[in-house]
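Student: I should like to learn how the terms used for a structure follow from their definitions. May we work through an example together?

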Amino acid sequence: MRTFNRRRFLRGTLNGGMVSVGLPLLNLFLSDNGSAMANGLPIPQRFGTWSWGLGMSESIFVPKNTGANFDLPEEIAALAPVQEHINLYTNFHVFRDDAPNLCHHSGWVVLRSGTAPYTSENRPGETIDVSIARQIGNATRFKSLSATATGDVRDSFSYEGGNSVNQPEWSPLRFYNRLFGDDFQHPNAKTFAPDPSVLVRKSALSAVREDARKLEKSLGAEDRQRLDQYFTGLRDLENRFDLQLTKPDPREACVVAAAPSDLPAGLDADLVSKRHRMLTDLMLMAVACDQTRVFNMFYASAFSATTRPGYDKPHHTATHEEAVDDALGYQPNTSWYTRRAMEEWAYYVGALANCKEGDGTLLDNALIYANTDQSFAKVHGIDGIPMFSAGSAGGRVKTGLHIDGGGSPGCRLGYTAQKLMGVELESWGTKSNTTSSDIGEILI
Amino acid sequence: MGRQTVNKSQLAKHCSVGVALLLLVGCAREANQPLDLLEADSVARTRLLTSEQYTNSISQIFGEDIGNSLLTPMPPMQRVGGLLSSGAAFAGVTSDQISQIQQSAASVAEKVVDEFHRDYLIPCRPQRSTASDPSCAEQFLKDTGRLVYRRPLTDIQLAELVAIADYATQQTGDFYEGLALSLEAMLISPAFIFVVDRAEPHPDKPGIQRLDSYSLASRLSFFLWNGPPDDALLLAAQTHALQSPQGLAKAVDRLLASSRIEAGMRAFFDDMLGFDNFNSLAKDPAVYPMITATTLENAREQTLRTIVDHLLVQQADYRDLFTTRKTFMSPSLAVAYGTPSAKGWVAHEFPEDSPRIGLLTHLSFLAANSHSVRSSPTLRGQALREEFLCQVVPSPPPNVDFSSLEEDEHALTARDRLAAHNSNPSCAGCHLITDPIGLALENFDGAGLFREAENGVELDISGELDGVTYQSIEGLAVALRNHPKLSACLVGRLYAYSTGGPLSLKDDQATLAWLEDRFVANQYRLPATLKALTLSSAFSTVRSASSDEDTDSLNRGDWRMDDAPARISEEQLSLSTLQRFGSLESQL
């Protein structure tokens, strides 16, 4: 990887006072192929995640062929328009060792954190998006962003630790206002005037830190850890203030659309789809405007309660109570839900692929990681749990492949993704999920 | 009444710590020894403000118009021991949340100093609005800081905040903007967003720690009002009046008499009943066209109004909430209930022959514990046990054979469909604990609307709750009303909520037994029980969290694993299976 060590100093006057502000390292992790935007600026790398609930119907989901130009069985037929941009990973396992198989929980927790949980209430430790955000998320206004198409603020696969979730945006309007409200500095604005308040805010953080230090003395060990996390948050906030004092680099793909209207609560598949697409469009707008480089989209929860019009079982109930059709060899209604999920995955990938940036697209300069919670949800299977990736991470990842994991740990994909994004790791995961083996077939 | 000291460790020996709270409470009562509450204590905790507490704090300090204009920046809490509020004792803040807290703080501060609000929120005028005025800034920051931090600022804190205001005024050329930036820093401080129980040595009891006066004030107000202490309560803390029995009783009486007690108890019951589910609840409009977002919002409100009226206004018996026919009705709800409509909210009483009796027959309970397209006796039974009896129904085993659960085209009712669960020993243990409860509510569909039949088949709503059989909805309501664990559950939840964290199976059992006794002695009235709890030694005497965890491994698991304190025991599961099958299968 080419190193690009750039430190800039803002020198300017604010109401007559000279300021000198050290800025963080910017654009440290750049694409190897040297791709650049029309204005010559290097294109940053991005990492995204996507998740769907309740696995697959193996017989009509797993392609018969591996490698390039793999066949698209009927449950993933919707992926045809984006096949060239994705990789499908099958026959990768999640290992629980001495932990129980926790229904709809073990699978996603292992894939996102590398460790099998012991109870359903155990939240993962740090998830991969957080590790990667620490690496590539420091040069943007938001270290990471998360959104859920379920409309439920409790649905997230992004955790800084077992006690701290990155809560997702669930309302398109609220998300829009957060992204493009008062604090938004349009990267393509012709003029830039640093807000003097920002410098004061940064200065005031020293008093806040002092409050925290005083408080620290009266806390026990576990609460001190929570306060350490708070200190980290303050450092990131300070970093954000520094960024606000800098004229943002122009982003040709940044076009801010009008504010969306909000949607009612509900989980019928059409409504979820609509919400998913609105949030996806907003998320990509945030990425294109370089407001974040790490982003999580949550299509459906592990206990997905998405409903199908005219059918009385929500997705999760259907997975267990619907019989496998003897003639078809799968559960038709359950498969209907999975197909809807694949349509949304195709939309998500397609939206990234359609967003032009430099000589390529947003997707060319991103790596998207997608997973679910089960393989065959009817029996809570976690062997052979399917995963996807999308994007070529700046020309470093081959796409259009179907990879057979041969029963190796599913954590290999998370390990590979973190390495690609610059996280220094000898290995990743615990117990049988530990891996130091990347998925070499996809690496250029 | 003479007092005897009950040694907590002795009491613990009587009770297997591996057994449920309900058994523990029963065991404590078996001991039949009045408790010397001088020895009782609770854990000193550090809690993150919940979303509602954050909003209430802003509203209480700066006005409801500012509080209500905010999008709360606080994260959702994880439910611990049955309560979201207990999750606040463990929740951390991510970098993203700190960023949102800062944005919210900036928004609040901007409003506080705008031309409309400054006239009554800022107690002085600067000599010139374009220049700093340390004296005026200090006056505002000192008064406001005391309310925001819930204790007086130290001299150093105040000096730092005044310096920020001065510097900011110099940078921006606007006194009010400078003041806002200083206030913004205050609203980001951990002294605001964390509620810290600070302890001090008890002057009369060597080796014992008690909450300092300001922490006691915060514990009182967040429990009873779900908001921060007001000026009078902080004054009582400042004069140490709260540390005397008389002073504390006077303060508690004032808090109980305040209209804010309604907000406090609404917050408690909203948490206990899991009403956060309503934030994303919806019914399939194709199946339930008359159930709108307004209907569901009103359903939540109906139950909370009913509880507040019954427990606080009427000061009636808690148990009667499950059999009362009195409630409140909105136009939107009237459509769903099939009753005449009136404008706005009105008191309503269902007739004696109505199937609507008590909280279990409210739309809130029935709709929230159903799927979006159909009812669920299992979810309803589980909710009854977990919310009102503090029992935890175990998750289904992952290796269960689901073939027996597949759709049966001949099954026309939920009872028929669920029969499959009850014919499978690996399912039956739990389903026999939940389904007989939920099946008694099958006269209400997935939205809570009344129905005589399902798919043309008249419904059999007979059932059984822990040995009490019934043939009607009223029978279930009465069985729950008279359930021996009903009151123990409420006082357990109240105690956990009041002290800001989950119960300790080892250390809190004696306090809980005592509190339940007080509840019974007070004829199951809430206000008197709130008073007994807040005046108890357990409320104001504290132990450290670390020693609690170090000495109580089971408790540690309970906290960390988010189990509610009253897990249904294997014995109960076995018993229910034995009753059904006469023998236990290996899967159990």
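Student: How do you know that the span of helix α14 of chain B agrees with its number of residues?

Tutor: In this predicted model, helix α14 (residues 245–257) of chain B has 13 residues. The expected span is 1.5 Å times one less than the number of residues, which gives 18 Å here. The end C-alpha atoms are 18 Å apart, so the two agree. Helices are DSSP runs of H or I with at least four residues, strands are runs of E with at least two, and both are numbered from the N terminus.

Tutor: As for conventions, residues are numbered from 1 along each chain as its sequence is written, while chains are lettered from A and ligands numbered from 1 in the order in which they are written. Because the model is predicted, local features need pLDDT of at least 70 and side-chain atom pairs count only at pLDDT 80 or more, while totals for chains, interfaces and linings use all residues.

Student: Which residues of α14(B) are called buried?

Tutor: They are L248(B), A251(B), V252(B) and L255(B). They cover an arc of only 100 degrees around the axis, which puts them on the same side of α14(B); the arc is that of the directions from the helix axis to the C-beta atoms. A residue is buried if 20 or more other C-beta atoms lie within 10 Å of its own, exposed if 12 or fewer, and partly exposed in between, with C-beta atoms placed from the backbone. The face turned away from the buried side carries the exposed residues Q246(B), D253(B) and A257(B).

Student: What do the buried residues of α14(B) pack against?

Tutor: They pack against α12 (213–224), α13 (231–238), α15 (260–272) and α25 (526–535) of chain B. Contact requires C-beta atoms, placed from the backbone, within 7 Å.

Student: How many helices and strands does chain B have, and what percentage of its residues is buried?

Tutor: Chain B has 29 helices and 12 strands, and 53% of its 588 residues are buried.

How values were computed. Two residues are in contact if their C-beta atoms, placed from the backbone, lie within 7 Å.
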